[in-house]
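Student: I have a new structure open and I'd like to learn how to read it. Could you walk me through it?

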2 protein chains.
Amino acid sequence: MSDLSHKWEELPSKYESLAGRAFTSTIVAEEVDPTCHPLREFNKFVVSPGLLAGTFAPSSGRLSVGGKSPLTGGIKEANAGGLTATKLAFINIRGIIIEGIPSAGTKDWYSILLRKDKCEIIKTNDYAGIGLYDLLTKIWKDYPSKPGIIGCGMAGQRLSKGAGVFGNNIENTDPGRYAGRGGLGAVLGSKRIVAIISDDTGGTRPEPKDKEKFDNGRKKLRDALNEHPVTGRLKDAEGNPFGGLKNFGTNILQNIINEAGALPTKGFKEGRFEHAAKISGEAVHELVDKTLENFGEKSEGIYGHPCHPGCVMACSNVVPYEKTGKAQVSPLEYESAWALGSNLGIGVLHDVAELNRLCNDLGLDTIETGNTLAMLMQGGLLKFGDGKGAIEALKQVYDENSALGRLVCSGALTAGQALGVTRIPVVKGQSFPAYDPRAISGIGVTYATSPMGGDHTAGYTIAAEILGIKGEREDPRKLEKSDLSRAFQATTAYIDSTGYCLFIAFCILDMDEGFGGMTDTVNGFLGKEIDVTEYGMNILKKEYDFNRRAGFTKKDDRLPEFFYKEPIPPHNVTFDVPNEELDKVFKDF
Amino acid sequence: MSDLSHKWEELPSKYESLAGRAFTSTIVAEEVDPTCHPLREFNKFVVSPGLLAGTFAPSSGRLSVGGKSPLTGGIKEANAGGLTATKLAFINIRGIIIEGIPSAGTKDWYSILLRKDKCEIIKTNDYAGIGLYDLLTKIWKDYPSKPGIIGCGMAGQRLSKGAGVFGNNIENTDPGRYAGRGGLGAVLGSKRIVAIISDDTGGTRPEPKDKEKFDNGRKKLRDALNEHPVTGRLKDAEGNPFGGLKNFGTNILQNIINEAGALPTKGFKEGRFEHAAKISGEAVHELVDKTLENFGEKSEGIYGHPCHPGCVMACSNVVPYEKTGKAQVSPLEYESAWALGSNLGIGVLHDVAELNRLCNDLGLDTIETGNTLAMLMQGGLLKFGDGKGAIEALKQVYDENSALGRLVCSGALTAGQALGVTRIPVVKGQSFPAYDPRAISGIGVTYATSPMGGDHTAGYTIAAEILGIKGEREDPRKLEKSDLSRAFQATTAYIDSTGYCLFIAFCILDMDEGFGGMTDTVNGFLGKEIDVTEYGMNILKKEYDFNRRAGFTKKDDRLPEFFYKEPIPPHNVTFDVPNEELDKVFKDF
């Protein structure tokens, strides 16, 4: 971006099997000075579609973005669905590495347009400073081929640490797909880039090297996903939908985690929220049914839609306005409903949906922003439970001269510290998601040790501790969780590289056909055998090493003090995993 | 404070020679868990008068306060003049160690009252939430013996990281004495303490063990201080005052450092400020003359007053209102005039004085707050040069619901990050003072390596690089400054323990009698020989080790990226000291 130029590079053969997170983390670890300022010229913004993006493998179209995080000061990968991974795969792009920043003091904003064998850096000042719903509508009008789009909104354009990287939904211009975490939207903003537009006109679908193995694998995985109770389309004896991402979206977890006493409520003060049911996946489901009825249609209880082309799980929901039938926000994920709902003591579904819609429009990570709003509440600028107040605070972001608006975008650590809050739920500067580590210890081990900072997706031990694997559940209160967390973190690093959605985890853990399907597709695509754990650990090692070179020590692999000292109701437990157990996770690095 | 109790302890013999910074840093290093949250129950707030406080040694009544800093996350000592050190010495108190916090959720505020052989913890809710000018007037009304007072203002009470520890002036109730740095006011606030009141009624002056040596030493030092051009009272051939702290206060440096091209201007953008002269010590001097004339008195050009009893330098000035003759603020130090003036592009003396007065009233460190206001200016919430705007922003602090007010108190790092500023002049989270390290490399070495974070007083190489020692000046642009900085840091750690004001440095460096006077008083007081460098290095090692245990690495001993990359006019230089040179400073630790 320093001279607004680009060049093409052939993928070096040593990078052949690196895609998604493996690609972004390798490039960042090798090319970015770990001590550089994340929002100045020496950081890089790296984009890479998962390995199987664009293929017929089911649910494999995720996109990774990476860089040095302005939120954590460490390495960061965030991923999301949307159209871009598939589009890039079709035009044969394994990765985009954005370097430098335009000359100091420029007021211009740019977009990057990628087409088959073409790249343009275009001045697009009219794309900056507007809401993302408007921006995406504008871009699809400017580019009628309906390209994939990722980019940053107002928050990222102002270099706010709560800024995520948005992506467009696949069938409309809603900015509903967020590689939200780590403030990577601000890295794009620092490079004066609003949007990266990927058009696959004239492109072709990627071909696996061993087509037979690949096809065999994708069918096995597809069938496993369709059969599994979490990812399949299931009905009970009376024909009513039950369980499952497809029926209730990820937000089915709201009631489950609340029941487990691990739903962080009112700024991690309690483990149960009295109004959890009102903002749960079931409540959204009911609202959809009612709305469809209002408009003369009868829902079959199935309204999930996919986040990327070729996803068979299709777990995305919509929160409609009853009176118009139009979408208020789409999707409302569990993490967002928690962060902007239970975590703030807000139990009004439309208030939560509105907060999510505003985050989407402004380019904000919902998890970070929800935690930041909780800091405002603890710091006395808002009241817990005040949905309207939270909405007004978030709307302040549209006014760039509002100090409150800036604070709302700045991430929980910065806002919490500005407000004198001593209960800031972060590790390495990144806010915790929707599982209280006191009630579920393994996820706390992941929060503490992941090179990504506080992050559930980095090693989702909840699958073992709450949902159970092959019918067996790990005791959520057991303290020896280093092996469990490491295993999840390694497998996750692999999955995050393949393009597969992390939600295949449920079926690959429970069903041998699922796991085999996953590895067969990857190995079939590459025409060689990859060891899942070795591949994942290799990525983690690069990430861990980057952080160490950035100045991180074991002291950064700890939870905040209050988790060790303040028991959380209803179980009245603290986080008791000893430091030695935490340090076992990456003892070999 | 957990159970509002106290106990007295005899000073253990191993601590006999530890006072001031040596005392606070030893207690913090030995008793505080370096990984604890600085604003929760496990931090301690430690107070200690310098070793010679209360004695007849000249200019030896400084007070140290210490703890784990909420601003840096490392160990912190800050010191100031005022009455308290002398009062504590008279009632035979070497140190105060405040532990714990009152039970969670309490709204009560406390003060600690120290008298001869008595300590009370008193509920003083009427002392909280008010300006410090009013508070100190109230306390001297409540305690007509005119006790020493230290404490925290609104900023500290809200746990803001910009909060300093105030002390009272010696002859009035102005909160003009600040142990400002490191956010230690917030540590007091976290313990729900507004004021520590020290009354020496019935106390006695401390007696040196070797009175002859001590008396001989104090006379040598007194004479040397009076003769030295920086600290003495000098007139030129025509009888006009020239040079010297006594004539112009510390703010005599405004023109000197400006001339050197090292006066950080408009957020460290430039090294010269066109209006520096208007806010300089000379300008204050002229204003005082004019005001005195208005009121029928003729100034003799000497208006300095001492910051603590027994100071012969008496370098404190007053900025009066011309029309009333009353003090607007007292004193206006160089660092404050710079931080709130040149650094903000504000060249109107009364605006700068008003900003300082507001900081004093609110309990804010002027250096940290000036840098924070510069972040607001860089972040677009204010404009450089807008004195009235800065005053209004600072006044927002009186409204605890103002997000802008909270941001103003939160320190430059937090405010800068909230606002997307990538030029934040901090090391270890603490803002830089009034010397640009690009133009004067040695002070940059101190900023980078001091365990205190960005701090000029930790190793004031300016004395060698700008003012010169025994007529010789170190080249300010030479890069080999590790030995110089280490020598200054060690000697400073010693001086900060003796109770001596750091400004004796000029005469002890230039005059053998001065140095001998200093060591004779210390050795005479203790009745044993202390090696200056060994004593100082021992303190530094404890501090450095605390920080290492807190998670600091060599990566924390670096200046922010922009100092290495953006040349500063007029000399157009960057900070070029190699990391290896920085790491030499404490290579033996």
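Student: Let's start with helices. At what angle do the axes of helix 1 and helix 18 of chain B cross, and within what distance do they come?

Tutor: Before anything else, keep in mind that this is a predicted model. Now the general idea: two packed helices are described by the angle between their axes and the distance between the axes. Here, helix 1 (residues 20-31) of chain B crosses helix 18 of chain B at roughly 100°, and their axes come within 4 Å. The two helices are therefore roughly perpendicular to each other.

Student: Which residues make that contact?

Tutor: Helix 1 of chain B brings B:Gly20, B:Arg21 and B:Ala22, while helix 18 of chain B brings B:Ala493, B:Asp496, B:Ser497 and B:Thr498. Sorted by class, the contact has two nonpolar, three polar and two charged residues.

Student: How do helix 18 and helix 21 of chain B cross?

Tutor: The axes of helix 18 (residues 482-498) and helix 21 (residues 532-550) of chain B cross at roughly 90° and come within 7 Å. That makes helix 18 of chain B roughly perpendicular to helix 21 of chain B. Among the residues that meet are B:Thr491, B:Tyr494 and B:Ser497 from helix 18 of chain B, and B:Tyr535, B:Met537 and B:Leu540 from helix 21 of chain B. By class, this contact has eight nonpolar, six polar and no charged residues.

Student: On to strands. In what order do the six strands of the open sheet in chain A lie?

Tutor: In chain A the order is 6-5-10-7-8-9, and the pairing is mixed. Strand 6 (118-123) and strand 9 (177-179) of chain A are at the edges with a single partner strand each, so one side of each has no neighbour in the sheet. On average, neighbouring strands of this sheet are turned by 20° against each other, direction ignored.

Student: How many bridges join strand 8 to strand 9 of chain A?

Tutor: Three bridges join strand 8 (residues 165-167) of chain A to strand 9 of chain A, and the two strands run antiparallel. For one pair to find on screen, take A:Val165, whose bridge partner in strand 9 of chain A is A:Ala179.

Student: Which domains is chain A divided into?

Tutor: Domain 1 covers 13-198 and domain 2 covers 238-409. Their C-alpha centres lie 25 Å apart. The contact takes 34 residues from domain 1 of chain A and 24 residues from domain 2 of chain A. On the domain 1 side, the elements giving two or more residues are helix 2 (84-90), helix 3 (132-142), helix 4 (154-157) and strand 9 of chain A. Helix 4 of chain A gives the most, with three residues. That side divides into 13 nonpolar, 16 polar and five charged residues.

Conventions
Residues numbered from 1 in each chain as written. Chains lettered and ligands numbered in written order. Predicted model: local features only at pLDDT ≥ 70, side-chain atom pairs only at ≥ 80, totals over all residues. Pairing = 2+ DSSP bridges. Axes fitted to C-alpha atoms, helices over the stretch in contact; angles between N-to-C directions. Parallel < 35°, antiparallel > 145°, perpendicular 65-115°, else oblique. Contact = placed C-beta atoms within 7 Å. Nonpolar A, V, L, I, M, F, W, Y, C, P; charged D, E, K, R; others polar. Domains from an automatic or database assignment.
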